[in-house]
Amino acid sequence: MAITGGRAEPGKTALGLGERPPQTQFHNGFKRFPFLLLQVAVVLATLVFIAHTLPELLPASGAVDRG
């Protein structure tokens, strides 16, 4: 009697190709990493914008503008 189909080693390999391993904690964290980078970039851009425009919004303090 010959072993064929899903009972043979090549068949087991072929059947296993369609299965996906379960997601691990690392994979879940790795998927969220781009969103973390986006949040950091938005916060930094906002802080730079505020730091750049804040001196223009404050009243003059008697300092000489050298620009």
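The legends below describe close-up views of a predicted model.

Figure 1. The chain has 67 residues, and buried residues make up 4% of them. It exposes about 6,700 Å². Carbon and sulfur atoms supply 68% of that area.

Figure 2. How many of the 33 residues of α2 are buried? The count is one, and α2 is described as hardly covered.

**Figure 3. The bend in helix α2 at F33.** At F33, α2 bends by about 35 degrees. A proline, P34, follows within four residues. F33 itself is found in helix α2. Is F33 buried or partly exposed? Its relative accessibility is 43%, so F33 counts as partly exposed, because that class lies between under 20% for buried and over 50% for exposed.

**Figure 4. The aromatic pair of F26 and F30.** A search of the whole structure finds one aromatic pair. F26 and F30 form this pair, with ring centres 5.8 Å apart and 25 degrees between the planes. The pair counts as stacked, because planes under 30 degrees apart are classed that way. Both residues lie in helix α2. They are four residues apart, which is about one turn of the helix. F26 is exposed, and F30 is exposed as well.

**Figure 5. A nonpolar surface patch that includes F33.** Which residues make this patch? They are F33, L36, L37, V40, V43, L44 and L47. The patch covers about 650 Å². F33, one of its members, is also the residue at which α2 bends.

**Figure 6. The salt bridge between E9 and K12.** Side chains of opposite charge can pair when their charged atoms come close. In this model the count comes to one salt bridge. E9 forms it with K12, and the closest N and O atoms are 3.5 Å apart. This contact qualifies because the cut-off is within 4 Å. K12, at 44% relative accessibility, counts as partly exposed.

How values were computed:
Residues are numbered from 1 along each chain as its sequence is written. This is a predicted model: local features need pLDDT of at least 70, side-chain atom pairs count only at pLDDT 80 or more; totals for chains, interfaces and linings use all residues. Side-chain values use heavy atoms; hydrogens and water are left out. The bend at a residue is the angle between axes fitted to the seven residues ending there and the seven starting there. Helices (H or I, at least four residues) and strands (E, at least two) are DSSP runs, numbered from the N terminus. Buried means under 20% relative accessible area, exposed over 50%, partly exposed in between (1.4 Å probe, protein chains only). Rings of Phe, Tyr and Trp (its six-membered ring) pair if their centres lie within 6.5 Å; planes under 30 degrees apart count as stacked, over 60 as edge-to-face and the rest as tilted. Patches are made of residues with over 30% relative accessible area and no salt bridge: like charges are joined within 9 Å, nonpolar side chains (Val, Leu, Ile, Met, Phe, Trp, Tyr) within 5 Å. Accessible areas come from the Shrake-Rupley method with a 1.4 Å probe; for residues, only the protein chains shown count as cover. A salt bridge is a side-chain nitrogen of Lys or Arg within 4 Å of a carboxyl oxygen of Asp or Glu.
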